[in-house]
Amino acid sequence: MRWMLPLVALIGCDFIEVVDKDIASDTASTYGGATYAYVLVGDRSSTDLSSTAGIDLEGIRLDTPSGGIFYSTLVHECEFGPGREDEADCSGLVGSPGSESVSLGGDGGTVIVSFGGEYIESGATITVYEDGYESGELYDIYVGDTTSSNTGTWTTCAAGATGEFPCEVP
Ligand SMILES: [Ca+2]
Ligand SMILES: [Ca+2]
């Protein structure tokens, strides 16, 4: 139940809501089982936030078991942790990794993305492109069936990840 801890801290925060245009349903009922459509990356960085502003994301990639490669196409939730005070904007995470990164601001920073309607099956690989480990930067990767960190069930794909990190969806 450790996934609940960072989520509790988010209650009461204002999220940037992005209309979900590429997934037919926000619930798993239509595709069922251990199949997901969304990836949540949660910043766990807690040290020296003033100098690192948490993890720095350049992109998120889905490799399907059948060999398909997809980069995030839509940001559903974007929230910065206490290391950043500007308005949360994670739009730089859409598409393949570029030269620019989005710093999530430390513990509590959260982003949820999807991949053009592609479902995320068990055995798929999620790769998070973080621009390189620095001073306590840690993050968790989850897969889920909703567009909100406050609803549904989020399944851990990786905990305490650093740098560029691939995880296999359980
Ligand atoms: Ca950083
Ligand atoms: Ca970094």
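1. Confidence. The mean pLDDT of the protein is 83, and 77% of its residues reach 70 or more, where pLDDT is the predictor's confidence in each residue, from 0 to 100. This is a predicted model, in which local features need pLDDT of at least 70 and side-chain atom pairs count only at pLDDT 80 or more, while totals for chains, interfaces and linings use all residues. Residues are numbered from 1 along each chain as its sequence is written, and chains are lettered from A and ligands numbered from 1 in the order in which they are written. Some caution is needed for residues 1-32, where pLDDT stays under 50; for this stretch the model has 45 contacts beyond four places in sequence, a contact being a pair of residues whose C-beta atoms, placed from the backbone, lie within 7 Å.

2. Overall make-up. The protein has two helices and twelve strands, which are DSSP runs numbered from the N terminus (helices H or I, at least four residues; strands E, at least two). Read from the N terminus, the order of the elements is α-β-β-α-β-β-β-β-β-β-β-β-β-β. Of the contacts with a separation of 6 or more, 75% are between residues 24 or more positions apart. Buried residues make up 41% of the 170 residues; a residue is buried if 20 or more other C-beta atoms lie within 10 Å of its own, exposed if 12 or fewer, and partly exposed in between, with C-beta atoms placed from the backbone.

3. The five-stranded sheet. An open sheet is formed by five strands in the order β5-β7-β2-β10-β11, and the pairing is antiparallel; two strands pair if DSSP finds at least two bridges between them. Because β5 and β11 stand at the edges with a single partner strand each, one side of each is left without a neighbour in the sheet. On average, neighbouring strands of this sheet are turned by 15° against each other, direction ignored, the axes being lines fitted to C-alpha atoms (for helices over the stretch in contact) and angles running from 0 to 180 degrees between N-to-C directions.

4. Strand β2 and its two partners. On one side, β2 pairs with strand β7 (residues 110-114) in the antiparallel sense over five bridges, and Y38 stands opposite S114 there. Strand β10 (residues 139-144) is joined to β2 by six bridges and also runs antiparallel to it, with G144 as the bridge partner of Y38 and I141 opposite V41.

5. Which residues cover the two faces of β2? Y38, L40 and G42 lie on one side and V39, V41 and D43 on the other, and all are buried. In a regular strand the side chains alternate between the two faces of the sheet. Six of the six residues of β2 (residues 38-43) are buried, so this strand is largely enclosed by the rest of the structure.

6. The nonpolar core. The largest nonpolar core has 38 residues, such a core being a set of buried Ala, Val, Leu, Ile, Met, Phe, Trp, Tyr and Cys residues joined through C-beta atoms within 7 Å. Those with the most contacts inside this core are V39, V41, L57, V111, I126, I141 and V143. The elements that give two or more residues to the core are β2, β3 (56-63), β5 (74-79), β7, β9 (125-130), β10 and β11 (154-161).

7. V143 as an example. V143 lies in strand β10 and is buried, with 25 other C-beta atoms within 10 Å. Leaving aside neighbours within four places in sequence, V143 is in contact with Y36, Y38, V39, I120, I126, T155, C157 and V169. The C-alpha atoms of V143 and V41 are separated by 8.9 Å, although these residues are 102 residues apart along the chain.

8. Two residues with positive phi. A53, which is not a glycine, has a positive phi of about 55°; A53 is found in the loop between α2 (49-52) and β3 and is buried, with 25 other C-beta atoms within 10 Å. S135, also a residue other than glycine, has a positive phi near 40° and sits in the loop between β9 and β10. Is S135 buried or exposed? With 10 C-beta neighbours inside 10 Å, S135 counts as exposed.

Conventions: Two residues are in contact if their C-beta atoms, placed from the backbone, lie within 7 Å.
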